[in-house]
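Hi everyone, thanks for making time today. I'd like to walk you through one model and how its side chains pack and pair, so please have a look at it first.

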Amino acid sequence: MSKYMLLVKQLYNQKVKAKSFILMTAVYLIVIAGVMFWSDIKALFSDNEADQIVIVNETGIDLTNAFISTEDTEWIFDADPSKIEDELKDNTYIAAVTLSEEDGKLAAKVTSVEPLKLTVQSHIENTLMSAGQFYAMGKINLTPEQTATLLDFAPTIESVTLNEQDTSGKTTAEKEAGMWASYISGFLIYFFVITYLSMITTDIASEKGSRALEMLLVSIRPETHFKAKITGVLLVALTQLGVMVGFLFILVRFVKGGEMWDSFVDIVNELNISYIVYIVAFLIATIILFLIIGALFGSLVSKVEEAGQVMMPAILLTLVGFYIMLSGLSNPDTLLIKISSYIPFTSGMVMPMRIGATDISAFEPLLSLGVLVLTIVFLYFFTMSLYKRSVLTYSTGGVIHKLKSVFKYTT
């Protein structure tokens, strides 16, 4: 077995078996499970009984169709008005809504013993808005058929693109699914880059600070050490990602009799295979890009305590890309989003959003991915050349000062 493979295997086994890796992976899995079963978790800490709200209708118009009971709220119509105040004090009902007419419109008075929670208050107000429509239709004596016609007001929408060369316009559902997929992808890239950038930087800095790297480089070349570090840490990242994806698949497919599977399939059906391939490609390429940067930063420092200082520029780049992606959730068609989708340090988070949530040509994501790959290739050879000179150079100061020292004493 070559020295390169021995180093990769040793690093991979060391990191995968580390308590920090196991704990971090467990935290990610707990977060995934928490998101998937949030409704069940929420139910454990809340009262399972529906909130009962009594309705006193003094308008003379039937408004029962406006108040539809749900698992969280139950509307009561047959209560005795003379006993409502006592029943509110006894917590039989959380609120009473009295409906009357005022200036030809529906008026409502909401009575409760204690101030209502925001969710309950918002639900009552939204329901009363619907009740106002029913009241207006009842005032003009519409037939049930006419009422049904007015309530079924959703238009049929057809999108037509006059540009005959571009017929790939996405539906709203496809764009929404793409938005959510890119949002998840952006979070994965952000956390993975921060985690493994720190891992490779501190790992090399630790070896260099303890002088273990000097003894190691007696038997292997710096280029071999550089490639082994990047490959090993990348395999650790892919292992963790594989565990997370596998765990998510098991939850969706088998837990609760697979009832989540249909919803998951519906979301995936709104995406296409090429989009998923792009997400995976940008995810892996972005991680590789920052691993190369992390390896360079690790070789520049003299001890592990300096790792946090040199990592700051890369972390700031990651934060910039993350916040640009978040800004695109409200409008993914801004000029900032378009420009950032071609910058290698931010394109991994931003371009998947443009692919999924906007109508762009097939050439644009290929161009962005091509720029990212070319940047990786250039940075790889540049960093490898610099790594050979910096890995055994010891200096103090910031990143710029350390780079100057490397060029000063090795050229």
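This is a predicted model: local features need pLDDT of at least 70, side-chain atom pairs count only at pLDDT 80 or more; totals for chains, interfaces and linings use all residues.

Residues are numbered from 1 along each chain as its sequence is written, and side-chain values use heavy atoms, with hydrogens and water left out.

With that in hand, take K229: its relative accessibility is 6%, so K229 counts as buried. What does the side chain of K229 meet in a salt bridge? The partner is D203, at 2.5 Å from N to O. By salt bridge I mean a side-chain nitrogen of Lys or Arg within 4 Å of a carboxyl oxygen of Asp or Glu. D203 sits in helix 7 and K229 in helix 9, so this pair ties together parts 26 residues apart in sequence. Helices here are DSSP runs of H or I with at least four residues, numbered from the N terminus.

Over in another part of the chain, E364 forms a salt bridge with R354, the closest N and O atoms being 2.9 Å apart. E364 belongs to helix 15 and R354 to helix 14, so parts 10 residues apart in sequence are tied together. R354 is buried, with a relative accessible area of 5%. Shared partners join K15, D203 and K229 into one network. In the whole structure, the search finds 5 salt bridges.

Now for the nonpolar side. A nonpolar core is a set of buried Ala, Val, Leu, Ile, Met, Phe, Trp, Tyr and Cys residues joined through side-chain atoms within 4.5 Å. The largest one has 64 residues, and Y196 and L291 touch the most other members. Helix 11 gives the largest share of this core, 16 residues. Setting aside neighbours within four places in sequence, Y196 is in contact (heavy atoms within 4.5 Å) with F21, M24, V233, V236, A237, Q240 and L291. Apart from that core lies another, of 17 residues, including L63, L99, A131 and F134.

Finally, the aromatics. Rings of Phe, Tyr and Trp (its six-membered ring) pair if their centres lie within 6.5 Å; planes under 30 degrees apart are stacked, over 60 edge-to-face, and the rest tilted. The count comes to 15 aromatic pairs. Y28 and F192 have ring centres 6.4 Å apart and planes at 10 degrees, so they are stacked. Y28 is in helix 2 and F192 in helix 7, so the pair ties together parts 164 residues apart in sequence. Both are buried. Y278 and F282, by contrast, have planes at 35 degrees and centres 6.5 Å apart, so that pair is tilted. Both lie in helix 11, 4 residues apart, about one turn of the helix.

And a last one to find on your screens: Y183, F187, Y190, F191, F322 and Y323 form one aromatic cluster.

Key: Buried means under 20% relative accessible area, exposed over 50%, partly exposed in between (1.4 Å probe, protein chains only). Helices (H or I, at least four residues) and strands (E, at least two) are DSSP runs, numbered from the N terminus.
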